[in-house]
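Dear colleague,

I am handing over the structure below, together with a summary of what was found in it. Please read the notes with the model open beside them.

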Amino acid sequence: MIFDIDYSIQLILNNSFSNSNDNNTLQKTDILKYFTPDIIHQICEDCIDIFINENNIVDIEAPVTVCGDIHGQLHDLLNILNITYQDYSIKTLFEQINNTKYLFLGDFVDRGFYSFETILFLILLKLKYPDRIYLIRGNHESSNITKIYGFYDEIINKFGTSTPYLNITNLFNHLPISATINTSNKDPYFAMHGGISPDLLTLNDFDAIDRIQEPPHKGPMCDLLWSDPEDNINSDYKVSPRGAGYLFSKRPLKEFNYTNGLSMVLRAHQLVMEGFKMMFDDELCTVWSAANYCYRCGNLGSTLNIDSSGNYEFSLFEGVDINGTDKLILPVKKLSNSNEYFL
Ligand SMILES: [Mn+2]
């Protein structure tokens, strides 16, 4: 089974910017005609071959753009990648990826309208740029969770069969679960989807996790994908109201950074109206990239851009109007950590 990566990527781009009234027709005639279950199976198998050779902690050299939850909001993902309604050529996309690596912190699917296109686009980029595009697992990259929150239903509606769903959730089981970002002048940044775990005190502990599985309901892998930071608890860890993972306080987070020589933990997993949130003496940051979450929350999205020497700045953006036709992408606003606020 042969597929062309560049053609596949351009096909998704073309369809993403077609007139919304024709969207379903075009998806049926173009996207679904090309991406048959056999092709999707092959794309997943090729991408699994890459993930299986990545460690539980992937090592990334900055510059890198760190992205939080996407949740099937394909047009926000394209916005992050500098793709606009005016210019959605793969040449522009590939130039952007050659400027900065990308790290996506999980929760690619569920909630939004385009989970299938979003995950397909991301794994095609991973195939094209295995050393510039990095994907780590979120709690929604799970067979159990995606059956409830939209991805499974979307696949059944689009294909009439669960085969692509089974291939893609199998791919989820191979995703790495954390990342270090190395820079020339600062201690490494460390990233995961949810948060820290009482069972993961040193980075060596991460290597012991057998990650090739559906995320368990408890234990270190579960905590990494599900936990949240919390200001108002007076213990290190507390049971999470989510029913999985923990709430963790400043003390264990700062101890984790100190023990492992890290400058900051980067995570996603929680909606932030301002797009990002610094906590715990600026030793933890939440990055949220699904702007106007579920097309109604009115929140900003952000990415955290880390340069080669370790300085960072946020890009803030508003939600893309997916019903618009001639001004689909809103301008990206930059907020730098050289501003007084972040010193
Ligand atoms: Mn999450």
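**Findings**

Please bear in mind throughout that this is a predicted model.

I begin with strand E2, which spans residues 64-67. E2 is covered on both faces. Val64 and Val66 point to one side, Thr65 and Cys67 to the other, and all four are buried. Such a division is what one expects, since side chains in a regular strand alternate between the two faces of the sheet.

E2 also has two strand partners to note. With strand E3 (residues 101-104) the pairing is parallel and runs over four bridges; here Cys67 has Phe104 as its bridge partner. With strand E13 (residues 301-306) the pairing is antiparallel, again over four bridges, and Thr65 is bridged to Asn305.

The loop between strand E1 (57-61) and E2 contains Pro63. The peptide bond that joins Ala62 to Pro63 is cis, with omega at about 10°. As background, most peptide bonds are trans, and most residues other than glycine have a negative phi.

Asp110, although not a glycine, has a positive phi of about 80°. Asp110 sits in the loop between E3 and H6. Is Asp110 buried or exposed? Asp110 is buried, because 26 other C-beta atoms lie within 10 Å, and 20 or more are enough for that class. Phe280 is also a residue other than glycine with a positive phi, in this case near 55°. The loop that holds Phe280 runs between strand E11 (276-279) and strand E12 (284-287). Phe280 has 19 other C-beta atoms within 10 Å and is therefore partly exposed.

Next, the helices. Two packed helices are described by the angle between their axes and the distance between the axes. For helix H3 (residues 37-51) and helix H6 (residues 115-128), the axes come within 10 Å and cross at roughly 55°. The crossing of H3 and H6 is left-handed. Which residues of H3 and H6 meet? From H3 the residues are Ile43, Asp46, Cys47 and Ile50, and from H6 they are Ile123, Leu124, Lys126 and Leu127. Of the residues in this contact of H3 with H6, six are nonpolar, two are charged and none is polar.

Finally, there is an open sheet of three strands, with mixed pairing and the order E7-E9-E8. Its edge strands are E7 (228-229) and E8 (237-239), each of which pairs on one side only. E7 and strand E9 (residues 246-248) are parallel to each other and share two bridges; in E9, Phe248 is the bridge partner of Pro229.

Val239 belongs to the edge strand E8. Val239 is exposed, because 10 other C-beta atoms lie within 10 Å and the limit for that class is 12 or fewer. The C-alpha atoms of Val239 and Ser227 are 9.3 Å apart, and the two residues are separated by 12 residues along the chain.

Yours sincerely

Technical notes:
Residues numbered from 1 in each chain as written. Predicted model: local features only at pLDDT ≥ 70, side-chain atom pairs only at ≥ 80, totals over all residues. Pairing = 2+ DSSP bridges. Axes fitted to C-alpha atoms, helices over the stretch in contact; angles between N-to-C directions. Left-handed = near helix turned anticlockwise from the far one by under 90°. Contact = placed C-beta atoms within 7 Å. Nonpolar A, V, L, I, M, F, W, Y, C, P; charged D, E, K, R; others polar.
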